[in-house]
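This report describes one protein model for a reader who meets it here. Please keep the sequence and the structure in view while reading.

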Amino acid sequence: MTMTLDKLNQALTSMYGSTDESTQHAADKFLLEFQKTSEAWTIVFQVLNNDNDPPMTTIKMFCAQTLRSKINYDLFQLPKENWQGLKDSLLQLIVKYDSKAKAIETQLCVSLANLALQYVEWSNAMDEIISVLSSGSMASLLEFLKVLPEELSDVNKTPLTDEEFSLRTTQLITDNVERVLLILKKFSDVKDSNGGRENSMVLDCLNSWIKEVSVDQLLKVRSLSDMIYQSIHNDETFDTAVECLCTILRETTDVEDLTIVQTLYQQLLSLKDVIQESWDDPEKMEGLTRIFVEAGEAWHVLIPKLCEDFKPLVEILLQLTAYEDDLDTVKYTFFFWHQLRQIIIIDKYAEARILFTPIYTQLIHVMIKHLSYPIVEPNTTDSSLLFSTKQQEDKFKDFRYEMGDVLKDCCAVIGASNALSIPLNQIQSNVNSNQPWQSIEAPIFSLRAMAEQVRSTENKLMPQVMQLLIKLPENPKIRYAVTLVLGRYTEWTSKHPEYLEGQLSYITDGFQSNNNQITIAASHALMFFCQDCSSLLIGYLEQLFNFYNNVYSAGTLDIKSLYEVADGIAHILQEEGDPEKLMQLTAMFWKPTIEKLSSLYEISDTAPDLQLKIADEIEVLTIFVQVLRPSNLDSPSNPIAKLVIEQGWPIVTKLLNKFGKSTPITERALKFLNKSMSSLSTYLEPIIPQMAELLVLGFQTYREGAYLWVSGIFIREYGDEHVSAQIKENVWKFSLQQAASFIQFLEQNQSEITNYPDLLEDYFRMMADILMFFPVHLIQSELLQPVYNSAIMALSTFSQFEPLIATLHFLIDLYSWGFETPPVSLLETDVPPEIRRIILSFIESTGGPLTKVLLNGLVYRFPVDCNHDASDLWTKIIRLVSINGQNGDLVLQWLNEALSSLPEGTVNEKERSKLLTTVQAAMNSKDFRRVRASIRDFINWYSRKNFERS
């Protein structure tokens, strides 16, 4: 034992004293393994009972944590007859550490709470604990009572069955509510003679029990209620009083007795003076704001019904929203304004809307003030001078967008015209009085935020706004803000074409700026103009081509801005009704890109920069194809398809053949192919064979997942019923060839497969498409078993979300063909009987290995976001087994074997029995949701017990 203690001390020293990661990792592993041993029971008590060392040492703290862990997870290691002695020893330790080492005291109290929960034969647990700790260990009693509800909040944190947990929580919590209230009342009766620490402990304890007590029951204990409000005035108890009051207010959300709410409300209003007193104390203001916000959110449904009564509360919240010293505190109020807005805009609450309109009007003024950039030097727009750090600047920008949501709420309440008048008047006034740019930019930003609430029929103020914006003094921040506003109101402009030319001129002037932010904003705004005003801009195509050609050849735009401009132009072209003219115009806008790609093709260099340039240019073609998709597929021909076949396809395939090893070029070239197929479908029939050949040879040559990804698109587009039988048959042959190529690749690279997660993802997404469009072919083919084997390999190997989720989805779809109803709507009849027979037979031979792989993955490797789908797959397997006439024995056999495959000693017999019994009962009642829940609960418990214990 002495040797073990020495090793423990060494490990703890390495864990907290070493900076070497490998040393820390080894120490952590040793400590975790120690916590699982039976020997730990003896050592922790020996260390904790050692009076030669101070009460608080690293090893004592670790042993207290270990004792908690042992009781949580390893109580089965002790014979039941020893539990009585464990309980007595634990109580003695708590008395020993009372008020001496808070952290250790807390760990011991948590241990006692979990022992009381699991020791179901300890019928008088609360009587004994309260009796022992009431005799001179009041701090420990309060700590125990505080942690008890927290530890008994979730059955999944325990090894108990649902029935055992429900009974035990009733005995320990529900049956003792009045007793605990009485204990707390005794403390609150002498609150004036208690110290701040004692009163904080009482409030902490009360906070834990509030959910177990009705608010009415709590308010009847006057001394406790008074204690909470009085503690707000004491610095030492302020934080705990805030937490306690917030919890109480939260619990009144669904209270039907208005007298309870009114009582709390009147007490709350008494804190109004505290706000004034604390205005210069940001920490206190945060706590007070949380209290009033909690009240507002809890009563937001009542406020419109009793609007006159609750108006003072809403006014206080407006006051708190106007607080300037800490914008993080202000953010607490935002959701309340949204909640209240959602109700008072209903006709039923018109009276409340009228009453609160002045408040929401004032709220706009408050928000605009908060939106303003700091004024350091009136004329500077340099962010490095406006903010001390980049992080501070980013935080301010994020906060502005959150304030934008509040402005939308204000706009909805007071009406668009009234809301617009506020920033409009501020802009006019501040320009006329030569105010700093900050006081002009902030109301401009507010106009952008309100856009969503302004209808295109608003004719009262919007004309004034638009005329004013494009004539504002030149300033980079103002131009940037105005440009973005113009981009947000393009739907309004589409209904008011008389303002189009001035706005368009203002936006295109922005492309001449040396400020990158302005050019980005201009391209963004131009894209929206072209999208929403496309019918108005069809006559401007010549000017737009000159503009497009200039910025394209100048190369001054960043690539994202170029994409946005191309997107906008394509939307205008979409308005052209003459197919021949559409082809000519599109070819005109394509010409700079085709020429650029042709010249880049001739360069012998293969540097990464060149590859990225080629990839970016291909994307421009893709954008045009994506936007210019035909509105109907009834026309015998399509001009864009002709352009793709004659110009796009040749240059893209030439580049792909030359630069096939370049991932950026491959991905963009195949994206072009993807969007061409998705947009133009069977109009590309002349090149379908060439596309198939390119995808097959491309994957065989380069092993890039993108070839499989686009193969899935190819199968979806040309494996459907709208193509000829010959094309569909060729697509099936193509599918077989691609799947077989991948399986061959897998067999040749098994030892290195972990290097190809993206490839596995693309493969299984392609397989899902094959299964969707050729289910009968695939299930009856010799490919079924190899595909299943590759799925087992993927589930056994990978820990990344994407390949795992693609594999799980494929398997879910595959096994779903064992049910009567097909998993896809493409098949309008029931699943053919021979297909069901194959799947039901297949599941008997594959269910066992799959269960083992799923359990192992859920425990050790799967990301948490995969758990739902893994459980869904396992549930489907169980349902299919029961459909096949099997009883639950086969499933239980699979599950038992899967449990046995887990490392020895990680699952005890009680845990195994609990899971198998629960699953069997759920299967017998066909409660498959409970089957899924039982698996989930076991995984959570197993993970906490073996990996996450502390």
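P803 is located in helix α45, which covers residues 801-816; helices (H or I, at least four residues) and strands (E, at least two) are DSSP runs, numbered from the N terminus. P803 counts as buried, at 3% relative accessibility. Here buried means under 20% relative accessible area, exposed means over 50%, and partly exposed lies in between (1.4 Å probe, protein chains only).

Not counting residues up to four places away in sequence, P803 touches P757, L760, E761 and F798, where contact means heavy atoms within 4.5 Å. A separation of 9.0 Å lies between the C-alpha atoms of P803 and R765, which are 38 residues apart along the chain.

## Basis of the model and overall form

The model is predicted: local features need pLDDT of at least 70 and side-chain atom pairs count only at pLDDT 80 or more, while totals for chains, interfaces and linings use all residues. Residues are numbered from 1 along each chain as its sequence is written, and side-chain values use heavy atoms, with hydrogens and water left out.

The secondary structure of the protein consists of 50 helices and zero strands. The C-alpha trace spans about 95 × 80 × 55 Å along its principal axes. Of the 950 residues, 55% count as buried. Among contacts between residues at least 6 apart in sequence, 74% join residues at least 24 apart.

## The nonpolar core

A nonpolar core is a set of buried Ala, Val, Leu, Ile, Met, Phe, Trp, Tyr and Cys residues joined through side-chain atoms within 4.5 Å. The largest one has 347 residues, and W299, F356, Y489 and F624 are those with the most contacts inside it. With residues up to four places away in sequence left out, F356 touches I303, C307, K311, V314, L340 and I344.

## Aromatic pairs

Rings of Phe, Tyr and Trp (its six-membered ring) pair if their centres lie within 6.5 Å; planes under 30 degrees apart count as stacked, over 60 as edge-to-face and the rest as tilted. By this rule the count is 37 aromatic pairs. One of them is the edge-to-face pair of F745 and Y756, with 5.1 Å centre to centre and 85° between the planes. F745 lies in helix α41 (residues 725-748) and Y756 in the loop between α41 and α42 (757-773), so this pair ties together parts that are eleven residues apart in sequence.

F745 is buried, with a relative accessible area of 3%, whereas Y756 is partly exposed at 26% relative accessibility. Both residues belong to one aromatic cluster, formed by F699, F742, F745, Y756, Y763, F764 and F810.

## Crossing of helices α24 and α26

The axes of helix α24 (residues 390-414) and helix α26 (residues 438-450) come within 8 Å and cross at roughly 65°. Axes are lines fitted to C-alpha atoms, for helices over the stretch in contact, and angles run from 0 to 180 degrees between N-to-C directions. The crossing of α24 past α26 is right-handed; a crossing is left-handed if the near helix is turned anticlockwise from the far one by less than a right angle, and right-handed if clockwise.

On α24, the contact is made by R400, Y401, G404, L407, K408 and C411, and on α26 by E441, A442, F445, S446, R448, A449 and M450. By class, this contact has seven nonpolar, two polar and four charged residues. In this classification Ala, Val, Leu, Ile, Met, Phe, Trp, Tyr, Cys and Pro count as nonpolar, Asp, Glu, Lys and Arg as charged, and the others, Gly among them, as polar.

K87 is found in helix α5 (residues 83-96) and is buried, with a relative accessible area of 2%. Leaving aside its neighbours within four places in sequence, K87 is in contact with L115, Y119, W122 and E128.

E128 is also one of the buried residues of helix α7 (residues 125-134), together with A125, M126, I129, I130 and L133. The buried residues of α7 pack against α5, α6 (102-118), α8 (138-151), α9 (162-172) and α10 (177-189). After α7 comes G136, with a positive phi near 95°.

S681, a residue other than glycine, has a positive phi near 45°. S681 is in the loop between α38 (663-680) and α39 (688-702) and counts as buried at 5% relative accessibility.

R703 is not a glycine, yet its phi is positive at about 55°. R703 is found in the loop between α39 and α40 (705-718) and is partly exposed, with a relative accessible area of 23%.
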